Amino acid sequence: MIYTVTLNPSIDYIVQVDDLEFGATNRAQGTHFFPGGKGINVSRLLANQGIPSKMWGFLGGFTGNYISETLASDALDFTPVSEASRINIKIKGNQETEINAGGPTISEDELKAFKAKFSVLTAVDTVIFSGSMARGLPTDIYQNLVTLVQKSGAQFIIDTTGDALKATLAQGPVLVKPNRAEVAELYQQPIESLSDVQKAGERLIQDGAQHAIISMAGDGAMFFSNDEMYYAPALVGKVVNSVGAGDSMIAGFVGALSQGMSNSECFKYAVASGTATAFSADIAEKQLIDELFNQVTLQNMKES
Ligand SMILES: Nc1ncnc2c1ncn2[C@@H]1O[C@H](COP(=O)(O)OP(=O)(O)O)[C@@H](O)[C@H]1O
Ligand SMILES: O=P(O)(O)OC[C@H]1O[C@](O)(COP(=O)(O)O)[C@@H](O)[C@@H]1O
């Protein structure tokens, strides 16, 4: 079974404001609510592909109720918390501006109840940890949870940032997928040219990742393993809502990996899934992913 862990889920409130003016009263041209948070997005894309997963994490308050009612799925197995889950604001205009809230504070008892779920894991499972930590959790929470996963023999994937990413890289994730800004922050150096991306990706593998993707939004993505390196130029199309594009990449890769595909095919599914979500209002559906899969081209960077 694939488990996704979203420690800090959200309602994503998408607000279309064509000419945002700070310090003035703006009128929205359109608004949408989506259940969000990185692991939830991964599970939703996997479900659209017909691949089952279970969703773990914390949900609370009226916002938590909205998320569970909207998802209305047997895959939900969240730990209830007393404070309300967060609302993240995504302003769409000439540019995309995001305001991600801190989220609820998790108590020691709530954390204990959540950790108890890990006892069901066995060596055939994969756990995907995604997103920021909620308040009140120890700073080494991801390392501790990865240790629990590894005790069961299961594998893990992690999509987070900063010190938590640095520490868990050394624990050998199956996949990490930082974007350019996240990898620049991790290694404290600017990542501008493709050669900068290449060096950073090789470093992710040296630092412990089994596979790494560095995503670059409209500039495409690069894939790394011990002996492979591919660059996928971005596909051209109309970007509708790129929230969740990175999460969709992870889901695309993991879904293909769970079906025994090669690294290059898994990467192509990752790019097709990320792009399909960027070209959709919500998390992408299977039909568009399959259409785009046939358009993804890979450049083998070990041969160039
Ligand atoms: N503007 C875009 N045009 C084409 N593809 C895109 C665009 N934005 C995202 N994608 C696709 O989705 C992937 C993930 O997007 P990115 O924005 O890099 O991730 P994140 O959401 O984690 O920051 C990209 O590598 C690319 O394949
Ligand atoms: O946990 P974080 O880092 O604050 O990110 C949460 C946000 O990221 C998202 O999961 C989208 O992530 P991506 O666009 O990187 O795929 C939103 O649904 C959510 O609002």
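Begin by selecting residues 11–278, a span that is 38% helix and 21% strand, with its end C-alpha atoms 18 Å apart. Helices here are DSSP runs of H or I with at least four residues, strands are runs of E with at least two, and both are numbered from the N terminus. The UniProt annotation "domain: Carbohydrate kinase PfkB", from an unreviewed entry, covers these residues; such annotations may be inferred rather than shown by experiment, and their positions are given in the numbering used here.

This is a predicted model, in which local features need pLDDT of at least 70 and side-chain atom pairs count only at pLDDT 80 or more, while totals for chains, interfaces and linings use all residues. Residues are numbered from 1 along each chain as its sequence is written, and chains are lettered from A and ligands numbered from 1 in the order in which they are written.

**Stop 1: ligand 1**

Next select ligand 1 and the 18 residues around it, of which Ser 215, Ala 217, Gly 218, Gly 246 and Gly 274 come nearest; a residue counts as near if its C-beta atom, placed from the backbone, lies within 6 Å. Helix H8 (245–258) and helix H9 (263–278) are the elements that give two or more residues to this shell, and H9 gives the most, with four residues. By class, the shell has ten nonpolar, eight polar and no charged residues, where Ala, Val, Leu, Ile, Met, Phe, Trp, Tyr, Cys and Pro count as nonpolar, Asp, Glu, Lys and Arg as charged, and the others, Gly among them, as polar.

**Stop 2**

Two packed helices are described by the angle between their axes and the distance between the axes.

**Stop 3**

Finally, colour domain 1 (1–19 + 29–171) and domain 2 (175–304) separately, with bounds that come from an automatic or database domain assignment. Their centres, taken over C-alpha atoms, are separated by 20 Å, and the contact takes 28 residues from each of domain 1 and domain 2. On the side of domain 1 that touches domain 2, the largest share, seven residues, comes from H1.

Conventions
Two residues are in contact if their C-beta atoms, placed from the backbone, lie within 7 Å.
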